[in-house]
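Could you walk me through how the helices pack in this model?

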Amino acid sequence: MRTVTAFAGLTATVFGFAVVVNRGLAGAFGLDYLVVTLVGALALVQGIRYGLSRRKTTFHATTTDDPELRYHVPVPGDDVDVEFAGERSLGRAQKRERVRERLREAARETLVGYGGLTPEEAQERLDAGTWTDDPVAAAALRESPPRPSLVARVRAMLRTESPFERSARRVVDELVAIQEGSR
C-alpha cells in the first residue's frame, strides 16, 4: 500500500512541476465528475487510514510526583494559643502566671534593648508599674497587680475578651510601640 501511495504522490508531484513549466499540460485532463469523485474518494481513504492508525497509537501521559508537604513553621505565640485553647480546664491560674512571667521577661528585654535601661532599672519600673503610660498594661506586669474595681469587673463581664486577655494584649501593644520607637 505504501508503494502505491508513494508512486501516486510522486506522479502527482512530477505532473505538478510539468504543469508549472508547460501550462498547456493542465488542459490534458478535464475536471469532470469522475476526477472530482476520484479525488474525494482518495481523501476519504486517507482520512480513514490516518484515523485507524491513530487508534493503534498508545496513549502516553505524564505522571507527576506527589505534591510536597508543607513544613509547618511555628509562629511565635502558638504555644500560648494551645495552652489557652482549653482555658476552662484546671490549672488556668498557673497558665496565666506563666504567660505573665513571659510578658515580664519580654518587657524587661524590651526596656533594656530599646529603652536604654539597665536590667535593674527595667525591673524596678516593671515592679512599680511605671514602665508605660498605659495603666492597664502597667498594672498587668506589676509585682502585685491591683485587684480590679467593681466597675471594671462588671465591664469585663460585658466584653468578649477576658480581663487577662485584654491586659496581655495591651502589654504586647506597648512593647511593640516601644520596639518601633513610637513610645
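**Helix α4 and its partners**

Let's start with helix α4 (residues 92–113) and helix α8 (residues 163–180), whose axes come within 10 Å and cross at roughly 15°. Helices here are DSSP runs of H or I, at least four residues long, numbered from the N terminus, and axes are lines fitted to C-alpha atoms over the stretch in contact, with angles from 0 to 180 degrees between N-to-C directions. Angles under 35 degrees count as roughly parallel, over 145 as roughly antiparallel, 65 to 115 as roughly perpendicular and the rest as oblique; α4 and α8 are therefore roughly parallel to each other.

Which residues of α4 and α8 meet? On the α4 side they are R96, V99, L103, A106, A107, T110 and L111, and on the α8 side F164, A168, V171, V172, L175, I178 and Q179, contact meaning heavy atoms within 4.5 Å. Sorted by class, that's 11 nonpolar, two polar and one charged (Ala, Val, Leu, Ile, Met, Phe, Trp, Tyr, Cys and Pro are nonpolar, Asp, Glu, Lys and Arg charged, and the others, Gly among them, polar).

Now for helix α5 (residues 119–128): α4 packs against α5 at an angle of about 130°, with axes 9 Å apart. That makes α4 oblique to α5. R104, A107, R108, L111 and V112 of α4 touch P119, A122, Q123, L126 and D127 of α5. This contact has six nonpolar, one polar and three charged residues.

A few ground rules: this is a predicted model, where local features need pLDDT of at least 70, side-chain atom pairs count only at pLDDT 80 or more, and totals for chains, interfaces and linings use all residues. Residues are numbered from 1 along each chain as its sequence is written, and side-chain values use heavy atoms, leaving out hydrogens and water.

Technical notes: Helix = DSSP H or I, 4+ residues; strand = E, 2+ residues; numbered from the N terminus.
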